[in-house]
Each structure stands twice: as C-alpha cells, then as structure tokens.
Protein chains: 2
Amino acid sequence: MQLGLLYSGGKDSTLAALLLEDFYDVTLATAHFGITDDWRHAENAATELDLPFRRVELDEGVAEEAVSRIRDDGFPRNGIQHVHLAALEGLAAADFDAIADGTRRDDRVPTVSRAQAQSLEDRYDVDYVAPLSGFGRGAVDRLVESTLDVVAGPSEEIPRADYEAELRAKLIDEDGPAAVAEYFPDHDQTHVTGRR
Amino acid sequence: MQLGLLYSGGKDSTLAALLLEDFYDVTLATAHFGITDDWRHAENAATELDLPFRRVELDEGVAEEAVSRIRDDGFPRNGIQHVHLAALEGLAAADFDAIADGTRRDDRVPTVSRAQAQSLEDRYDVDYVAPLSGFGRGAVDRLVESTLDVVAGPSEEIPRADYEAELRAKLIDEDGPAAVAEYFPDHDQTHVTGRR
C-alpha cells in the first residue's frame, strides 16, 4: 500500500515514518507554497533516511489566510492548524492508498479530530493514520533518542522544512522581523540528520 | 526498553505488537481473574508470534464490580471499561518502562482519555502508548490482512483470551446463560493464529 506522510524533516514526522515503513510503501511529502525553498531541508532528511520524497504544492491563498489569522490572533496556533488541514487535503487528493502525519497525543497544534479524520477518509477514499497520536512527549523523545540522529535548537537556527518557515518568511516580508518575534513564541525545533 | 502490551490474542492487540516490536522489547501480557483458563489462548497466540508472554492477575473484586455494572446497565460497555483500566493499572505496577494496549481510533470501549493516559504515566513513572489510536477500522483491517493469519466468528465460537470471556463466564455462573445473550450484543471476535 502506498502511503504519503506529511513530512517536515523534524523528529516527530521522521519517527512516524519509521513506525510505518514496515507496513506501507512510505513517501515523505512536504507541503509548501513556493515562498522559500526550505522544503529542500526535508528532501535532504529524506535522502539520509533513504525514503522517497515528494512536494505537495499548496495554493498561496492558504498561506495568506494563515498569516491573516496569525496576525489577528497574535499567536500562530489557528494559522498553523489551517495550513496543516489544507496540506492533508492536498495529500489526500494525490494518488496514495493512505496518508499520515506526525501529530502526537499532547500536541496542541496541529490536531486532527476523529471527525476530521473520518471526513478525510470518506471524501477521498483514503486511510488517514496518525501513528504517534497514541504517544506522549516522553515516549516520543525516548524513541527518537534510540533511533535517530537529531540536531535541536531555536527555530531560526535549525533547518526547518515545513510550512512554518514559509509563514515566518511571509510575515517578515509583510510586517517586518519584529512580527515573527511577536507572534511566534520561542520553541526548540529539531532536524533529523540520519538513522542511528 | 521493556514494554508490556495488554494482549487478548485478537487482531488489534496483535497488530499493536507488530507496530511496537522494532522499538521495544515487547512482552504480551494478558489480564485475568482466575475464573477460567482462557488466558491460554493468548499464550498460544504469543507462542505463534514468538513473543514472550505474561499473565497479569487482577483482583476478583474488579470482576465483581464489572459484572454488577453490566447487570445494572443492561450492556457491557462500562463494565469492560472498568476492567480495562484496572488491567492497565496492574500492568503499570509491574516492572516495565512502557505499557501499551490495542485501542483503536474508533473504539467505543475500551477508551483511554488523554487525561487518564497522563495520570497513569505520572503515577507509575511509565510511558503509556496506544499505537493503534491513530488508526481507524479500515486501516487496521487492511494492515491485519497483509500481516496476520486470523480466524473470525461469533464470540462463543472463537478462542478468546481476554477478560470478556471471564466476565461472560461469571455472568453465566451467577445469572444463567440467558444473561449473556441479553447483555452482550452479537459481534464477531478474532483470534490470531500466526504471522503472514
């Protein structure tokens, strides 16, 4: 069965790939808007993992809506959620038997509710699976420690492939660098450099 | 890392074992009350899978409370939920680094909420993982089809190792065979006979 996994090059979506690769033919798929070429960081991680890679191009209207929500809210949660659901729709519309993401049990964003999962499956005749949704942060960190080589640090220093990098770039372009500092709280990102 | 997986010999908990076995040293653990020796069906399935097996003995008071709830409710859901949570507590109290079960995204029972999962982890200093909680019924069935040999049929005809068999036996003993037909709706069970 062909499975497309929404992929950022970070530890969660990489661990999701490892959990699925014995059961599906996994393709790592990175959603992007064409704003930056940060998707190449995900392609590099995919090469290190020896898994096929694909881009999922999203309409720039999705980025505009997301940035507008982030600006209105003063925090990124709803904007990121908007892009994540659009990315899953884009992936579901491609020719996979199953699609997946790396959402964890305790993620506040993005989240995919049971009803949203069922709706995706029904509308696109595809299975949606979230292999980490039954794993908490501690369990994920311990599994990453034993299976992956990872670099970690603040968002601006770590190669980051997913759509958050492009939303940041768009905000800087439109509102200046201070907007990113204002709207995006500091948090560490991870980038996978290989299997252990 | 040593992981104990609550195990029935059915397709869901077996698929959970396959998802976890590359990441943990998995022991299949079957909770029972000493009412019947149906746990041997799980032990047989574990032997076929070539995974270690252990029993988790639960206090018969848990079975008494469950049967009482089933009798009061007229349906088994809350009684089964009561036993499942007690079984997870018993497993968490053993010497594992992580515990797991085979609950699926769309299971109505048993279910383990995010708060219950966090509480188990905090109280016992153990990771609780539910590897199928991000998989719907269709995805599980397709993975089982490609990985396991399974027999399926009505509950009374399929070797069934988990606590539901003992709750049925206790109900028959106390209230007669009609009670089981009244309280337990017909549904097909599965028993795993080996890997594909």
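Predicted model: local features only at pLDDT ≥ 70, side-chain atom pairs only at ≥ 80, totals over all residues.

Trainee: What makes chain A agree with a compact globule?

Mentor: The rule puts the radius of gyration of a compact globule with 196 residues near 16 Å, and chain A has 16 Å, so the two agree. Along the principal axes, the C-alpha atoms fill a box of roughly 45 × 40 × 30 Å. Buried residues make up 46% of the chain. Sequence separation is worth a look too: among contacts between residues at least 6 apart, 76% join residues at least 24 apart.

Trainee: Which residues have the most contacts inside the largest nonpolar core?

Mentor: That core has 112 residues, and the ones with the most contacts inside it are A:Leu5, A:Ala87, B:Leu5 and B:Ala87. Take A:Ala87: leaving aside neighbours within four places in sequence, its contacts are A:Leu6, A:Ala31, A:Val56, A:Leu58 and A:Tyr163.

Trainee: How do you know that the two chains are related by a two-fold axis?

Mentor: Superpose chain A on chain B and you get a rotation of 180° with 0.0 Å of shift along the axis, at an RMSD of 0.0 Å. That is the relation of a two-fold axis.

Trainee: And how do you know that the copies meet through the same surface?

Mentor: Compare the interface residues: 100% of those in chain A are also interface residues in chain B, so the same surface is used by both copies. In counts, 22 residues of chain A are in contact with 22 residues of chain B. On the chain A side, α5 (114-124), β5 (127-129) and α6 (137-147) each supply at least two residues. The most comes from α6(A), with four residues. By class, that side has 12 nonpolar, four polar and six charged residues.

Trainee: Why is B:Phe33 called buried?

Mentor: The cut-off is 20 or more other C-beta atoms within 10 Å. B:Phe33 has 21, so it counts as buried. It lies in the loop between β2 (25-32) and α2 of chain B. Not counting residues up to four places away in sequence, B:Phe33 touches B:Leu58, B:Glu60, B:Ala63, B:Tyr163 and B:Glu166. There's also B:Gly61, 28 residues from B:Phe33 in sequence and 9.1 Å away in space, C-alpha to C-alpha.

Trainee: Then why is B:Thr193 called partly exposed?

Mentor: Exposed needs 12 or fewer and buried needs 20 or more, with partly exposed in between. B:Thr193 has 15 other C-beta atoms within 10 Å, so partly exposed is the label. Its place is in strand β7 (residues 188-195) of chain B. B:Thr193 touches B:Glu48, B:Asp149, B:Val150 and B:Val151, again not counting residues up to four places away in sequence. B:Val150 is 43 residues from B:Thr193 in sequence but 5.6 Å away in space, C-alpha to C-alpha.

Trainee: What about phi: what value does B:Asp50 have, and is this residue buried or exposed?

Mentor: Phi of B:Asp50 is near 65°, a positive value in a residue other than glycine. B:Asp50 sits in the loop between α2 (39-49) and β3 (53-57) of chain B. With 9 other C-beta atoms within 10 Å, B:Asp50 is exposed.

Trainee: What makes B:Asp125 exposed?

Mentor: Set its count against the limit of 12 or fewer. B:Asp125 has 9 C-beta neighbours inside 10 Å, so it counts as exposed. Phi of B:Asp125 is near 50°, positive in a residue other than glycine. Its place is in the loop between α5 and β5 (127-129) of chain B.

Trainee: Last one: where in chain A is there a cis peptide bond, and what is its omega?

Mentor: From A:Val109 to A:Pro110, with omega near -10°. A:Pro110 is found in the loop between β4 (98-100) and α5 of chain A. In chain B, a cis peptide bond joins B:Val109 and B:Pro110, with omega about -10°.

Note on methods
Residues numbered from 1 in each chain as written. Chains lettered and ligands numbered in written order. Contact = placed C-beta atoms within 7 Å. Nonpolar A, V, L, I, M, F, W, Y, C, P; charged D, E, K, R; others polar. Core = buried A, V, L, I, M, F, W, Y, C linked by C-beta atoms within 7 Å. Least-squares fit on C-alpha atoms with pLDDT ≥ 70 in both. Rg over C-alpha atoms; globule rule 2.2 N^0.38 Å.
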